[in-house]
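Q: I have just opened this structure for the first time. Could we go through it step by step?

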Amino acid sequence: MLPEERFNALVDEFSASPGVMVPAETGRGGFGSSALKVNGSIFAMIAGGRLVVKLPHDRVTTLIGSGAGAPFDAGKGRAMKEWLTVTADDEESWLALAREALDFVRSVHR
(Lines give C-alpha, C1' and ligand atoms only; values in the text may rest on other atoms or scores of the structure.)
Protein backbone atom coordinates (compact mmCIF):
# COMPACT_ATOMS: atom_id res chain seq x y z
CA MET A 1 0.00 0.00 0.00
CA LEU A 2 1.38 3.41 -0.98
CA PRO A 3 1.90 6.09 1.73
CA GLU A 4 -0.92 8.19 0.24
CA GLU A 5 -3.28 5.21 0.43
CA ARG A 6 -2.21 4.63 4.03
CA PHE A 7 -2.88 8.28 4.81
CA ASN A 8 -6.35 8.08 3.22
CA ALA A 9 -7.04 4.98 5.35
CA LEU A 10 -6.05 7.00 8.42
CA VAL A 11 -8.40 9.80 7.38
CA ASP A 12 -11.22 7.25 7.11
CA GLU A 13 -10.35 5.67 10.45
CA PHE A 14 -9.72 8.77 12.56
CA SER A 15 -11.85 11.57 11.10
CA ALA A 16 -14.79 10.58 13.33
CA SER A 17 -12.61 10.62 16.47
CA PRO A 18 -13.12 13.52 18.89
CA GLY A 19 -10.90 16.50 18.10
CA VAL A 20 -9.44 15.00 14.90
CA MET A 21 -9.51 17.02 11.70
CA VAL A 22 -7.97 17.09 8.27
CA PRO A 23 -7.20 20.78 7.73
CA ALA A 24 -8.97 22.36 4.75
CA GLU A 25 -5.60 23.07 3.15
CA THR A 26 -4.64 19.45 3.91
CA GLY A 27 -2.26 20.59 6.57
CA ARG A 28 0.11 22.70 4.55
CA GLY A 29 2.13 23.57 7.60
CA GLY A 30 5.87 23.92 7.80
CA PHE A 31 6.32 20.59 6.05
CA GLY A 32 4.08 21.26 3.04
CA SER A 33 2.31 17.99 3.68
CA SER A 34 -1.08 16.40 4.06
CA ALA A 35 -1.78 16.14 7.77
CA LEU A 36 -4.16 14.83 10.40
CA LYS A 37 -4.51 16.94 13.52
CA VAL A 38 -5.94 16.30 16.96
CA ASN A 39 -6.68 19.24 19.23
CA GLY A 40 -4.85 21.46 16.73
CA SER A 41 -1.58 19.49 16.60
CA ILE A 42 -0.36 17.18 13.84
CA PHE A 43 -0.07 13.50 14.74
CA ALA A 44 0.27 11.97 11.25
CA MET A 45 1.24 13.38 7.86
CA ILE A 46 2.54 12.62 4.43
CA ALA A 47 5.89 14.33 3.86
CA GLY A 48 8.29 13.60 1.06
CA GLY A 49 5.98 10.83 -0.12
CA ARG A 50 6.22 8.99 3.20
CA LEU A 51 3.92 8.44 6.16
CA VAL A 52 5.27 10.21 9.26
CA VAL A 53 3.90 10.08 12.82
CA LYS A 54 4.69 11.97 16.03
CA LEU A 55 5.73 9.94 19.07
CA PRO A 56 7.85 10.44 22.20
CA HIS A 57 11.56 10.71 21.39
CA ASP A 58 12.52 7.52 23.25
CA ARG A 59 9.81 5.57 21.39
CA VAL A 60 11.02 6.93 18.05
CA THR A 61 14.57 5.82 18.90
CA THR A 62 13.35 2.32 19.80
CA LEU A 63 11.30 1.98 16.61
CA ILE A 64 14.21 3.12 14.45
CA GLY A 65 16.42 0.53 16.16
CA SER A 66 13.87 -2.22 15.52
CA GLY A 67 13.49 -1.34 11.83
CA ALA A 68 9.84 -0.23 12.10
CA GLY A 69 10.78 3.32 11.23
CA ALA A 70 13.45 5.71 10.05
CA PRO A 71 14.48 9.20 11.15
CA PHE A 72 12.43 12.05 9.68
CA ASP A 73 14.35 15.00 8.26
CA ALA A 74 12.25 18.00 7.31
CA GLY A 75 15.07 19.36 5.18
CA LYS A 76 16.93 21.04 8.00
CA GLY A 77 19.84 18.61 7.84
CA ARG A 78 19.03 16.86 11.09
CA ALA A 79 16.48 14.33 12.22
CA MET A 80 13.49 15.69 14.11
CA LYS A 81 13.51 13.76 17.38
CA GLU A 82 9.75 13.26 17.88
CA TRP A 83 8.90 12.31 14.29
CA LEU A 84 9.13 8.82 12.83
CA THR A 85 9.05 7.94 9.14
CA VAL A 86 7.05 4.72 9.15
CA THR A 87 8.78 1.88 7.30
CA ALA A 88 6.67 -0.99 8.70
CA ASP A 89 4.87 -2.52 5.73
CA ASP A 90 2.22 -4.71 7.27
CA GLU A 91 -1.12 -3.00 7.81
CA GLU A 92 -1.37 -3.91 11.48
CA SER A 93 1.99 -2.28 12.31
CA TRP A 94 1.51 1.10 10.61
CA LEU A 95 -2.07 1.42 11.86
CA ALA A 96 -0.87 0.64 15.39
CA LEU A 97 1.79 3.36 15.08
CA ALA A 98 -0.82 5.85 13.87
CA ARG A 99 -3.10 5.03 16.81
CA GLU A 100 -0.17 5.41 19.18
CA ALA A 101 0.67 8.80 17.62
CA LEU A 102 -2.95 9.96 17.99
CA ASP A 103 -2.98 8.93 21.67
CA PHE A 104 0.39 10.59 22.32
CA VAL A 105 -0.51 13.92 20.71
CA ARG A 106 -3.96 13.87 22.34
CA SER A 107 -2.35 13.39 25.78
CA VAL A 108 0.07 16.27 25.23
CA HIS A 109 -2.36 18.73 23.59
CA ARG A 110 -5.62 18.60 25.52
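**Strands, helices and contacts**

A: Ala35 stands opposite Met45 in strand 3. Please keep in mind that this is a predicted model.

Q: How many bridges join strand 2 to strand 3?
A: There are 5 bridges between strand 2 and strand 3, and the two strands run antiparallel.

Q: Which residue takes a positive phi in the hairpin of strand 2 and strand 3?
A: That residue is Asn39, with a phi near 50 degrees, in a hairpin that has 2 residues between the strands. Asn39 is found in the loop between strand 2 (34–38) and strand 3 (41–47). The positive value occurs here in a residue other than glycine.

Q: What does Asn39 count as in terms of accessibility?
A: Asn39 has a relative accessibility of 36%, so it counts as partly exposed.

Q: What does strand 3 form with strand 4?
A: Strand 3 and strand 4 form a hairpin with 2 residues between them. Gly48, in the turn, has a positive phi of about 60 degrees. The two strands run antiparallel and are joined by 4 bridges. Met45 stands opposite Val52 in strand 4, and Met45 also has Ala35 opposite.

Q: How many of the residues of strand 4 are buried?
A: For strand 4, 4 of the 5 residues are buried, so the strand is largely enclosed by the rest of the structure.

Q: Lys54 lies in strand 4. Is Lys54 buried or exposed?
A: Lys54 counts as buried, because its relative accessibility is 18% and the cut-off for buried is under 20%.

Q: Which residues does Lys54 touch?
A: Leaving aside residues up to four places away in sequence, Lys54 touches Ile42, Phe43, Glu82, Trp83, Ala101, Phe104 and Val105.

Q: Over how many bridges do strand 4 and strand 6 pair?
A: They pair over 3 bridges, in the antiparallel sense. In strand 6, Leu84 is the bridge partner of Val53.

Q: And how many bridges join strand 5 to strand 6?
A: Strand 5 is joined to strand 6 (residues 79–86) by 4 bridges, and these strands run antiparallel. Leu84 of strand 6 is the bridge partner of Pro71, as well as of Val53.

Q: At what angle do helix 1 and helix 3 pack?
A: They pack at an angle of about 50 degrees, with their axes 11 Å apart. That angle makes helix 1 oblique to helix 3. The crossing of helix 1 past helix 3 is right-handed.

Q: Which residues make the contact?
A: Helix 1 contributes Arg6, Ala9, Leu10, Glu13 and Phe14, while helix 3 contributes Trp94, Leu95, Ala98, Arg99 and Leu102.

Q: One last topic: how many aromatic pairs does a search of the whole structure find?
A: The search finds 1 aromatic pair. The rings belong to Phe14 and Phe43, with centres 5.7 Å apart and planes at 85 degrees, so the pair is edge-to-face. Phe14 lies in helix 1 (residues 3–14) and Phe43 in strand 3, so the pair ties together parts that are 29 residues apart in sequence.

Q: Is Phe14 buried or exposed? And what about Phe43, buried or exposed?
A: Phe14 counts as buried at 4% relative accessibility. Phe43 counts as buried at 0%.

Note on methods: Residues are numbered from 1 along each chain as its sequence is written. This is a predicted model: local features need pLDDT of at least 70, side-chain atom pairs count only at pLDDT 80 or more; totals for chains, interfaces and linings use all residues. Side-chain values use heavy atoms; hydrogens and water are left out. Buried means under 20% relative accessible area, exposed over 50%, partly exposed in between (1.4 Å probe, protein chains only). Rings of Phe, Tyr and Trp (its six-membered ring) pair if their centres lie within 6.5 Å; planes under 30 degrees apart count as stacked, over 60 as edge-to-face and the rest as tilted. Two strands pair if DSSP finds at least two bridges between them. Axes are lines fitted to C-alpha atoms, for helices over the stretch in contact, and angles run from 0 to 180 degrees between N-to-C directions. Angles under 35 degrees count as roughly parallel, over 145 as roughly antiparallel, 65 to 115 as roughly perpendicular and the rest as oblique. A crossing is left-handed if the near helix is turned anticlockwise from the far one by less than a right angle, and right-handed if clockwise. Contact means heavy atoms within 4.5 Å.
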